[in-house]
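Dear colleague,

I am writing to hand over a structure for your attention. Please find it below, together with its sequence.

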Amino acid sequence: MIFLMGLIIVTPVQAQEFSVNNKEYFEKQGANVLVFSNWYDGNFSDSKMSGIEIIHHGERTATNGDVRIHHTPEQWDAIPSFVERNVDAENGVIEAWLEYPDYDFEYKIRAEAKEDGIALSVHVDEAVPDELEGRVGFNFEFLPPAYFEKTYYMDQQTGVFPLYPTGPMNINEQGETEPTPLVKGKKLVLAPNDPTKRVTITSGISELMLFDGRAKAQNGWFVVRSLIPAGETGKVVDWFLEVNNLPNWMRTPVITHSQVGYHPSQTKQAVIELDANDEPLEKVSLFKVQASGDKKEVHAATPKEWGMYQRYNYLQYDFSEVTEPGIYVIKYGEQESDPFQIGENVFEKAWHPTLDIFFPVQMDHMFVEEAYRVWHGASHLDDALQAPVNHEHFDLYAQGPTTDTDYEPGEHIPGLNYGGWYDAGDYDIRTQTQYYVVQNMAGLWNEFAPQRDNTTVEHENKYVKMHSPDGIPDLQQQIKHGTLALLAQWRAVDHAIPGIVSAHLHQYTHLGDGVTKTDGLIYNPEMDSLESDGTYSGRFDDRWAFTTETTALNYGSAAALAAASVALQGYDDELASEALETAKMAWNREQNRDEPKDFRHGNTTGGNIWGEELKATVELLIANEEQKYADRVKEMLPEIEERFMFTAALAVRAYPFMDDEYKATIDELVSEYCANLKQFAGVNPFGVPITEGGWAGNGTIVNFALSNYQVYKAFPDQLDENCVFKALHYLFGTHPDSNISFVSGVGAKSKKVAYGMNRADYSFIAGGIVPGVLILPPDFPENKENWPFLWGENEYVISVGASYMYLVHAVNKMLEEK
């Protein structure tokens, strides 16, 4: 018996092999290897979601396994074009064909399940082109926080993955600065002492090199790379990838719930996320936390099985019957949720950080301080130079064949250094975002007029001080700030423009205080680069204004200005009057055009013209009540009917100003709309429209809720109130992947690492809202809390900030009326 026990102890666990599952990626319990299930986002060259990828014990830890020209590629470096992909599930082989058309270079990547790993290889029919010799290689990028402070072996060499990049740099033959390898060899073992992260790569042809991409750019990853040998054809890279997995590993259940809590009268539903191999338990319980710290069970039930969504199984737990105010936790097996509240006032302060902190921090052209801290100086006071014609820029900006202004390319356009907010984690002024924010803030003010005053804003002095009341409602001051930016465009060039953005890529990637991005002095090409006189300088660091006129932007700007004209009354009547007159003039001009100005590029030239026109017409109808606006809305009724799921909010806002025929049509459309909302209950267990593109869907979910609110407000007996409430619960933690609140600083556990202007510090801006859960095809929901640089998941955007504040007020109003 002792002998047999000894055999049991020393016999290793049989390694589990990979196989291709029905979703066409390699799988074994606890480890997945994806092979071009995803492709780089079409708008950006490197979005860290393509090529060979590893999902390791529930976390995506490696990505972008592909042939690349640079050792540690940056966001705007060249990427190959995807050609095709073939999956042979029976034989455990996935192949992908790609090319670099500019270099006439084609290749194939082959992945085959072998033994307990994946054989990866790169194949070429023709040798590497001369201009790519010694430059092109196969890369595999590993997530830094997954390996921080862990060790590695490269052959017999050992090392520790650095917490901060300090490695030596090199200047290559192209004159580019690049990191040198941390280590070279033939066999690399990452995290040998951590079985949850251990990965082994063995190279059969070229040596392996390990780089720290963060030395080149803060958003860089640890990169394993093998150069493709010059003059060779056939198999030119030959790796064997071993991804360790824990036997019988299962992901820990996640109890998703609102981190802020629930109003007593609300439907209260937690959603429990389970590994696909996990068996549901029979009981889930709600405990009330006593002041003494003791917990008392106050409710228990068998959770309802919702079923599979993406890769996880879901249960729903309804505890709506619990209404007593207090602090609660949910227990499911050994898991206990974060504490949350039940109370009548749980949402009343939820919007404060967004107005008090996030929006002041985002204010461009202003000096912004908070107690002892200066967030940034008065930035971009040298705005802006006329962009060159026929120019396609980065970040989706482009200038058409003419300037559509009185200014020559490169000439300073005076008067654009007023108002506006940093667009997102970037510093540009994207007009389409600006007018969306102004319109939503104005709508919020015009309906609720929140009097909160916690910030000093002095536009004449370009000065902002947080936690310092000045006697004026903060929301009105923010509306003024956005209105100033929109009107500045009309004053300067007599139309709305796509926006203002850095002229140089090295400036665009700037992190830190916005005032250090430019010198604040107007560029004068006649001056020496080091010369300045206090107003002008020879330093070409000014931003470019992209000024091609489009009908869509003019209508969108007019809509926001019309709404703002109402919100600014009694605070800045002169500005309110100018906003209304500008909106009316813009609308009249566009109505009288023979043909719309329809220059389109990226997402900077406005939405579809018809939709932007409807917004402007409805806002002018509400602000001005002239019959011609009601007539035009009536004329647009066929299109409103056709697209009612997207136009419902505007259609019902116009309702009180319209005739009986219009109202009768809208009555029928609302009935259909409310019936159609029921479909969302069956799409996913959260009851909201979760998007599956390269940018996560919090903005869509908030807009969905606001549209439902407008319908509910006009037709309260027809629309289920939960179609509004569920969106807020989703933002606050009832969503896939985790239960974190996506609003930084709001809720017991909220987003603390995000893609803001301070992202290099792995920190947050209170009140900022991130895009949320990104569904990585084919089935992986992700929002990383340990890595801020994935903009599609973690980038704060001002547009969602404004609509979120509106949604919180809408929910509070609905609850007050119950």
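The following paragraphs set out what was found, beginning with the protein as a whole and then turning to its parts.

Please note that this is a predicted model.

**Overall form**

The protein has 818 residues, and its radius of gyration is 28 Å; a compact globule of that length would have a value near 28 Å, so the two agree. The C-alpha trace spans about 90 × 75 × 55 Å along the principal axes. In terms of secondary structure, the protein comes to 18 helices and 44 strands. Of the 818 residues, 60% count as buried. Among contacts with a separation of 6 or more, 69% are accounted for by residues 24 or more positions apart.

Another open sheet of nine strands has the order S6-S7-S8-S9-S20-S17-S16-S11-S12, and its pairing is antiparallel. Strands S6 (81–88) and S12 (157–160) stand at the edges; each has a single partner strand, so one side of each is left without a neighbour in the sheet. From one strand to the next, the twist averages 15°.

Two pairings in this second sheet may be described in detail. Strand S9 (residues 117–124) and strand S20 (residues 234–243) are antiparallel and pair over seven bridges, with Ser121 opposite Asp238 in S20. Strand S11 (residues 151–154) is joined to S12 by four bridges, again in the antiparallel sense, and Thr151 stands opposite Val160 in S12. S11 and S12 form a hairpin with two residues between them. Asp155, in the turn of that hairpin, has a positive phi of about 55°.

**A lysine in a loop**

Lys48 lies in the loop between strand S3 (31–35) and strand S4 (52–56). Is Lys48 buried or exposed? Its relative accessible area is 8%, and because this is under the 20% cut-off, Lys48 counts as buried. Leaving aside neighbours within four places in sequence, Lys48 is in contact with Glu53, Arg60, Thr63, Asn64, Pro73, Glu141, Asn219, Trp221 and Leu790.

**Helices**

Helix H3 (residues 352–362) is mostly covered, with 11 of its 11 residues buried. Among them are His352, Asp356, Phe358, Phe359 and Gln362.

Helix H4 (residues 431–448) and helix H5 (residues 474–493) have axes that come within 9 Å and cross at roughly 145°. The crossing of H4 and H5 is left-handed. On the H4 side, the contact is made by Thr431, Gln434, Tyr435, Val438, Met441, Ala442, Leu444 and Trp445. On the H5 side, the contact is made by Leu475, Gln476, Gln478, Ile479, Gly482, Thr483, Leu486 and Gln489. Which kinds of residue make up the contact of H4 with H5? The residues divide into nine nonpolar, seven polar and no charged.

Yours sincerely

Methods. Residues are numbered from 1 along each chain as its sequence is written. This is a predicted model: local features need pLDDT of at least 70, side-chain atom pairs count only at pLDDT 80 or more; totals for chains, interfaces and linings use all residues. Side-chain values use heavy atoms; hydrogens and water are left out. Axes are lines fitted to C-alpha atoms, for helices over the stretch in contact, and angles run from 0 to 180 degrees between N-to-C directions. A crossing is left-handed if the near helix is turned anticlockwise from the far one by less than a right angle, and right-handed if clockwise. Contact means heavy atoms within 4.5 Å. Ala, Val, Leu, Ile, Met, Phe, Trp, Tyr, Cys and Pro count as nonpolar, Asp, Glu, Lys and Arg as charged, and the others, Gly among them, as polar. Two strands pair if DSSP finds at least two bridges between them. The radius of gyration is taken over C-alpha atoms; the globule rule is 2.2 Å times the number of residues to the power 0.38. Buried means under 20% relative accessible area, exposed over 50%, partly exposed in between (1.4 Å probe, protein chains only).
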